[in-house]
Every structure is written in structure tokens, then in C-alpha cells.
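Good morning, colleagues. Please have the sequence and the structure in view while I speak.

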Amino acid sequence: MHPILARFGEVTFYTYGFVMMATLFLIYFLALKYRDTELLERADLADISLLVVFSIWFGGGLLWLLLSGEFSLTNLRHQLDPARLQNLTTLPVASSFFVLLAGYCRWKRLPFWRVLDFLVPFFVFGYALQRTFGCFSAGCCHGTPTTLPWGVTFGDTLGVGPPAGVVVHPTQLYMGFAGLASAYGLMRGYWRWKCWPGFVTGLGTVALFGVYFVVSNWRGDLTSEKIGLGLESSQIVSLLLTALGGSLCVVARWRARREPFEGEKTALND
């Protein structure tokens with residue numbers, strides 16, 4: 001589509017990176033506008049936004065380096081390369097942020113699961129926007145060839161997309177539109193489910209990785225070896241995370257029944 005937004009001499013602005021930055025600003029101001037005033041201060045959201053930027057920029061990459069055992073100055077420089085942003089994967093970034101947020105909540109004495117419940121709908125919304133506009137413009141996360149009428153073709157995608165002229169599934173849009181619907185439902189449901197800490201996070205995890213698993217069946221850029229049940233490693237991980245999200249919903253609801261706090265009866269009777 002349009003992987004390069006603009007060029008000014010030797011400076012190139014990539015659409016993927018521009019959409020990411022615009023999305024981060026948008027979800028920050030939306031979270032600020034609809035802030036749960038009983039839970040977070042404005043300063044907390046500013047701090048958390050810095051944690052998000054850190055996780056996206058190189059938190060996930062550092063986590064990968066530590067787990068892979070390939071930590072070196074050369075690899076570290078690679079992780080700090082702005083061009084690497086077009087090759088981000090969701091799980092390392094999310095894992096990095098999860099760890100950082102847990103530390104921040106412990107430091108500030110904030111209820112971790114309630115904070116995460118508030119943030120998850122906005123993160124899913126941002127994920128959906130990035131897939132719809134960022135990934136689709138760049139050509140990454142593309143689908144397999146198709147003859148369906150809504151198939152799309154890409155031009156030059158700087159090596160990250162399918163061959164030019166091949167009609168493929170618009171898997172970026174599949175994930176993006178599903179993410180937008182999920183974000184809407186999570187945002188509407190947060191105020192009803194906030195009395196069940198962890199419930200919204202569980203639902204968001206199910207929505208995010210459940211959709212990923214389904215859409216991955218039409219992904220043309222997943223080339224890892226199948227390791228079991230005819231599934232690739234990313235598909236198995238997404239299934240496990242979907243099950244984990246569902247379990248979190250069950251546990252959150254069970255704990256809320258055993259340890260209700262003020263406001264639960266109102267939520268249940270709405």
C-alpha cells in the first residue's frame with residue numbers, strides 16, 4: 001500500500017511508525033478523558049505512558065535478548081534501531097509492559113489487576129488501529145493468496161509484504177476490525193465489571209489472542225515449522241494465552257463472589 005509516508009532529503013517517515021506514534025497519543029488522551037478517578041491520578045497515566053513507550057521501543061527486544069542468551073552490544077544496537085519498529089511482535093512487547101506495570105503498581109501501591117483492567121480496552125483499541133492502518137499500509141502481517149472478492153494486492157512493501165500484484169487475504173484488516181469491536185465491548189463493559197479485578201484483562205486476552213489464532217490460519221508471513229497438532233509455535237502460544245485469559249475471567253469472578261468489595265451489588269443489579 002503506502003509503507004513510506006513522506007521523504008525529506010535523507011529523512012524517511014514510515015507510515016507504520018507514524019501510525020504507532022499517532023495511536024499512542026490518541027489512546028493516552030482517551031484514557032485521560034475517561035480516566036477512572038477513583039483508581040488513577042493524571043500523573044499515573046503519564047508515567048504509565050512512558051512504560052508503554054519503553055516496552056514498544058526496546059523493552060520487548062531486551063526481553064527477547066535475555067531469554068535467547070544472545071545479549072551483545074551489536075544485538076543491543078539492533079534493538080535500538082528505529083527501523084526495527086516495523087518488525088515488532090505483540091507478545092514480547094506485552095510481556096515487557098506486564099512486568100514493568102507490575103513493578104510500577106507495587107512501587108505506587110496501586111491495585112495491579114484493577115489498573116490493568118482499566119488499561120486493556122485502550123490497548124486493544126490501539127492494537128486494532130495499528131493493524132488496520134499501520135500494518136496494512138506497510139504490508140506486514142499479510143495473508144495467503146486468495147480468490148475472494150475482498151482480496152487485496154500490494155505494491156512495493158520494502159521486503160516485508162507479499163510479492164507485488166498477488167491477491168492475498170487482508171489479514172491486517174481482519175485483526176483490526178475484530179480488535180475495534182472487542183475494544184468497544186471492553187470499554188462499555190469496564191464500568192460494569194470493574195468490581196471483578198482481572199475480568200476485563202481476561203476478556204481482552206481472549207479477544208486478542210483468540211482472534212489472532214483464528215486469523216493466523218490465513219496468514220502468509222508465518223513460516224515457522226509446525227511443532228504439534230499441525231500448528232506453528234505462535235498458534236500454540238496464542239491458544240495457551242486464550243485459555244489463560246478464559247481462566248483469569250473465571251478466577252476473577254470466583255474471587256469477586258468470595259471477596260466482594262463496595263460497589264459490586266450495584267454492578268450486579270444494573
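Predicted model: local features only at pLDDT ≥ 70, side-chain atom pairs only at ≥ 80, totals over all residues.

Residues are numbered from 1 along each chain as its sequence is written, and side-chain values use heavy atoms, with hydrogens and water left out.

I begin with the surface. Leu5, Phe8, Val11, Phe13 and Phe18 form a nonpolar patch with about 520 Å² of accessible area together. Patches are made of residues with over 30% relative accessible area and no salt bridge, with nonpolar side chains joined within 5 Å and like charges within 9 Å. A salt bridge here is a side-chain nitrogen of Lys or Arg within 4 Å of a carboxyl oxygen of Asp or Glu. The areas come from the Shrake-Rupley method with a 1.4 Å probe, and for residues only the protein chains shown count as cover. Strand E1 (4-8) and strand E2 (11-14) are the elements that give two or more residues to this patch; strands (E, at least two residues) and helices (H or I, at least four) are DSSP runs numbered from the N terminus. Phe8, in strand E1, counts as exposed because its relative accessibility is 57%, the classes being buried under 20%, exposed over 50% and partly exposed in between.

I turn to the aromatic rings. Rings of Phe, Tyr and Trp (its six-membered ring) pair if their centres lie within 6.5 Å; planes under 30 degrees apart are stacked, over 60 edge-to-face, and the rest tilted. The count comes to 13 aromatic pairs. Tyr190 and Trp191 have ring centres 4.9 Å apart and planes at 75 degrees, so this pair is edge-to-face. Tyr190 is buried at 4%, whereas Trp191 is partly exposed at 44%.

Which charges lie over ring faces? Arg253 lies over Trp196, at 4.1 Å from the ring centre, and Lys108 over Trp107, at 5.5 Å. The rule requires NZ of Lys or CZ of Arg within 6 Å of the ring centre and within 35 degrees of the ring normal.

Finally, Val215 is found in helix H7 (residues 199-215) and is buried, with a relative accessible area of 5%. Val215 touches Thr171, Tyr174 and Met175, not counting residues up to four places away in sequence, where contact means heavy atoms within 4.5 Å. Val215 and Tyr174 are 41 residues apart in sequence, yet 7.0 Å apart in space, C-alpha to C-alpha.

Definitions and conventions
Buried < 20%, exposed > 50% of the residue type's maximum accessible area, 1.4 Å probe, protein only.
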